[in-house]
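This report covers salt bridges, pockets and nonpolar cores, in that order. The cut-offs are given where each term comes up.

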Amino acid sequence: MRIAVLVYDGVFDSGLSAVLDVLDAANAMGEEAASMGVDLPDAPRWDVTTVGFQPHVRTGAGHLVTASPVADADAADLLIVPALAERRPSALLDQVAGERTRPVREAIARQRDRGTAVASACTGTFLLAATGILDGLEATTTWWLAPILRARHPKIRVDQDRMLITSDRVTTAGAAFGHVDLALAIVRDLSPMLADLVARYLVIDDRPSQSAYIIPSALAQNDPVVAAFERWVRERLTGPISIPDAADAIGVSNRTLQRSVQRTVGTSPIRFVQDLRVEQATHLLRTTELSLETIARRVGYEHPNTLRVLLRERTGQTTTTLRGV
């Protein structure tokens, strides 16, 4: 498989190195396994070329990376665009739409038009979005930037919970170190056995979801209505919560509240309330010795099994694991 990794001024160092390291490890381990007589019949080789617009590109951390001409990407089966090293939302939006990244956007659009598969992670999703290639598709990005992506590009079906999404041969991954998940998924797509071997050697955990890392209050701050709703709910977590009552209390219609929460955090108000309950329950499990029954009552659930099921669904962990026992 021929892969072109696009580097450009300001590229995120860890994202770039994660992609290159995982793919290099896959090639090396595939060769080692063959030399030792280990049967990996499905192990291919990944021909990785770093391409750019100049012979030397300066990363976000100031390092110089040598690149082949960007035209070499025309021979690739897959174009990987590592993230932009910018975490401030306003600065990120300015950069992905500005002249500095115009060649990057043009290169992405060119390869998409040629039928080349495209992949990115974290803030790189914004570069893909700026070309229009994600319109009508599912995509993800780092969880705390999901409301920004959703507001900027309403035609994209943004899912902040999933770590990796492939839609119509365009793959996007979650937060910064989602580049590791992205590269491992590329390996797994052609060789599941080799991907498992690479994951073991590099100690890469299986983490299909970002939901366990999401901080609901951070998402809520992107909209004043949602922020007010979050504060109102947090004051009442121990008891039943009525969405219409919440809307009345913060001075908006029920419909406005529903739309604001959906637009900002990509979910319903009821599910957002559940997220807040799970967050508080997780905190209590990790920091106290309270029984699950007591914790369930403190976050508004009469039956502890309801909380147990919800914790497993949202975090992927059991209550015992969350306690660190």
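## Salt bridges

The count comes to 20 salt bridges, a salt bridge being a side-chain nitrogen of Lys or Arg within 4 Å of a carboxyl oxygen of Asp or Glu. This is a predicted model, in which local features need pLDDT of at least 70 and side-chain atom pairs count only at pLDDT 80 or more, while totals for chains, interfaces and linings use all residues. Residues are numbered from 1 along each chain as its sequence is written, and side-chain values use heavy atoms, with hydrogens and water left out.

Side chains of opposite charge can pair when their charged atoms come close.

| Glu 31 | Arg 45 | 2.6 Å |

Glu 31 and Arg 45 form a salt bridge. Glu 31 lies in helix α1 (residues 13–35) and Arg 45 in the loop between α1 and β2 (47–52), so the pair ties together parts that are 14 residues apart in sequence. Helices (H or I, at least four residues) and strands (E, at least two) are DSSP runs, numbered from the N terminus. Glu 31 counts as partly exposed, at 48% relative accessibility; buried means under 20% relative accessible area, exposed over 50%, and partly exposed in between (1.4 Å probe, protein chains only).

In the second pair, Asp 196 is partly exposed at 42% relative accessibility, and Arg 188 is partly exposed at 35%. Glu 230 is buried, with a relative accessible area of 4%, whereas Arg 234 is partly exposed at 29%.

A network of salt bridges links Asp 161, Arg 271, Asp 275, Glu 313 and Arg 314.

## Pockets

The largest pocket has a volume of about 500 Å³. On a 1 Å grid over the protein atoms alone, a pocket is an open set of points where a 1.4 Å probe fits, with protein on both sides within 12 Å along at least five of seven lines; lining residues have an atom within 4 Å of a point. Grid points are joined across faces, edges and corners, and the volume is the space filled by probe spheres set on the points.

This pocket is lined by 26 residues, and Ser 211, Ala 212, Ile 214, Pro 216 and Asp 275 are the closest to its centre. Two or more lining residues come from each of α8 (216–220), α12 (269–287) and α14 (304–315), and α12 gives the most, with seven. The lining divides into eleven nonpolar, seven polar and eight charged residues. Here Ala, Val, Leu, Ile, Met, Phe, Trp, Tyr, Cys and Pro count as nonpolar, Asp, Glu, Lys and Arg as charged, and the others, Gly among them, as polar.

The second largest pocket has a volume of about 330 Å³. Of its 18 lining residues, Asp 206, Arg 207, Pro 208, Ser 209 and Tyr 213 lie nearest the centre. The largest share of this lining, three residues, comes from α14.

## Nonpolar cores

The largest nonpolar core has 64 residues, and Ile 80, Val 81, Ile 108 and Leu 134 have the most contacts inside it. A nonpolar core is a set of buried Ala, Val, Leu, Ile, Met, Phe, Trp, Tyr and Cys residues joined through side-chain atoms within 4.5 Å. Helix α1 gives the most to this core, with eight residues. A second, separate core of 21 residues includes Leu 219, Ala 220, Ile 243 and Val 261.
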